[in-house]
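Colleague: I am new to reading models. Can we go through this one, term by term?

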Amino acid sequence: MNTMFKIISDQFANFKIIRRMAKYDDRANYQSHYLGLAWEFLNPLIQIGIYYLVFGVALKRGDPMPGVPYLPWMVIGIAPWLYMNKTTLDASKSIYQQVGLVSKMKFPINVLPSIKIMGNLYSFWTMMAFGVFLMCVNRIWPTISWVQFIYYFICMIALMYALGIFNSTVSVLVRDWQIALQSILRMLFYMSGVLFNFVTSNFPSVLVRVLELNPFYYIINGMRESLLSKGWVWQQPNLDLTITFWLFIFIIMVFGSYLHNKFRANFVDLI
């Protein structure tokens, strides 16, 4: 427990460094491209266009939520998914890619996942702004339930760091974990309700309940319900899912902190 709190406090103590390195990391990734950072936004927009044509036009079976057109519903959900998918993979490689550099400096290794978490936020906010624009075009206006978005954003950041500290450590110890993680995320894409609402589909109620336990679904669905004014976090079954979500965060964070603290002195040798 003390290790977990120490790691969390390091993130706040080094916030300025994290923000500075996140900006540098983004520029370094696209410095040899003609369009530069524009690809941070073009890639998600291209994916949104493809998914809309396939699932919103070709396979359209009515609106996923009553009174909510498919396109704004999809964009509000796919924005956090694209962010979480990219951040989970980037954070899992953060220690492996940078440990040789930071080992020569007085720099806490446990902030490396946070650099990826912050760096990927720029494209996330752009996609969310696009989703809100589509909502306004379809006459879906802001309501008091929008304040819940702040809570779900905090949930998303907490999930990303818990998975980041765990995956980045395991990726150093077990090199196959990076490949396995990519396969897991491909599967979770269809299990997180990104492209279709399995709650209103013909899924068995038991299967729906199991799928709702997915922490990615909790965030995606929560952001949708907040911005589309379809529910509150303290209502059932959201309250049960909230307890399950934070229990998952706590377990992953404690276990990830333990592994990180145990093996961090050997990261350079292991790599």
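**Labels and their cut-offs**

Modeller: K6 forms a salt bridge with D10, and their closest N and O atoms are 3.0 Å apart.

Colleague: What makes the pair K6 and D10 a salt bridge?

Modeller: The term asks for a side-chain nitrogen of Lys or Arg within 4 Å of a carboxyl oxygen of Asp or Glu. K6 and D10 have their closest N and O atoms 3.0 Å apart, so the pair forms a salt bridge. Side chains of opposite charge can pair when their charged atoms come close.

Colleague: What should I know about the model itself?

Modeller: This is a predicted model: local features need pLDDT of at least 70, side-chain atom pairs count only at pLDDT 80 or more, and totals for chains, interfaces and linings use all residues. Residues are numbered from 1 along each chain as its sequence is written, and side-chain values use heavy atoms, with hydrogens and water left out.

Colleague: Where do K6 and D10 lie?

Modeller: Both lie in helix α1, four residues apart, about one turn of the helix. Helices are DSSP runs (H or I, at least four residues), as are strands (E, at least two), and they are numbered from the N terminus.

Colleague: Why is D10 called buried?

Modeller: Buried means under 20% relative accessible area, exposed means over 50%, and partly exposed is in between (1.4 Å probe, protein chains only). D10 has a relative accessible area of 11%, so D10 is buried. K6 has 48%, so K6 is partly exposed.

Colleague: How many salt bridges does the structure hold?

Modeller: It holds four salt bridges. One of them joins the side chains of R209 and E212, at 3.3 Å from N to O. Another joins D240 and R209, at 3.7 Å from N to O. That pair links distant parts of the chain: D240 is in helix α12, R209 is in helix α10, and they are 31 residues apart.

Colleague: Why are R209 and E212 about one helical turn apart?

Modeller: Because they are three residues apart in helix α10 (residues 205–212). R209, E212 and D240 are linked in a network of salt bridges.

Colleague: How many helices and strands does the protein chain have?

Modeller: The secondary structure comes to 13 helices and zero strands.

Colleague: How do you know that the span of α8 agrees with its number of residues?

Modeller: The expected span is 1.5 Å times one less than the number of residues. Helix α8 (residues 148–173) has 26 residues, so it should span 38 Å. Its end C-alpha atoms are 38 Å apart, which agrees.

Colleague: Why is α8 called largely enclosed?

Modeller: Because 20 of its 26 residues are buried. C155 lies in α8. At 0% relative accessibility, C155 counts as buried.

Colleague: What does C155 touch?

Modeller: C155 touches Y218, I219, F245 and W246, not counting residues up to four places away in sequence. Contact means heavy atoms within 4.5 Å. The C-alpha atoms of C155 and W246 are separated by 8.4 Å, although these residues are 91 residues apart along the chain.

Colleague: What makes up the nonpolar patch on the surface?

Modeller: M1, F5, I8, F12, L247, F250 and I251 form it, with about 740 Å² of accessible area together. Accessible areas come from the Shrake-Rupley method with a 1.4 Å probe; for residues, only the protein chains shown count as cover. Patches are made of residues with over 30% relative accessible area and no salt bridge: like charges are joined within 9 Å, nonpolar side chains (Val, Leu, Ile, Met, Phe, Trp, Tyr) within 5 Å.

Colleague: Why does F250 count as partly exposed?

Modeller: F250 is at 39% relative accessibility, so it counts as partly exposed. F250 lies in helix α12. Helices α1 (2–13) and α12 (238–263) each supply at least two residues of the patch.
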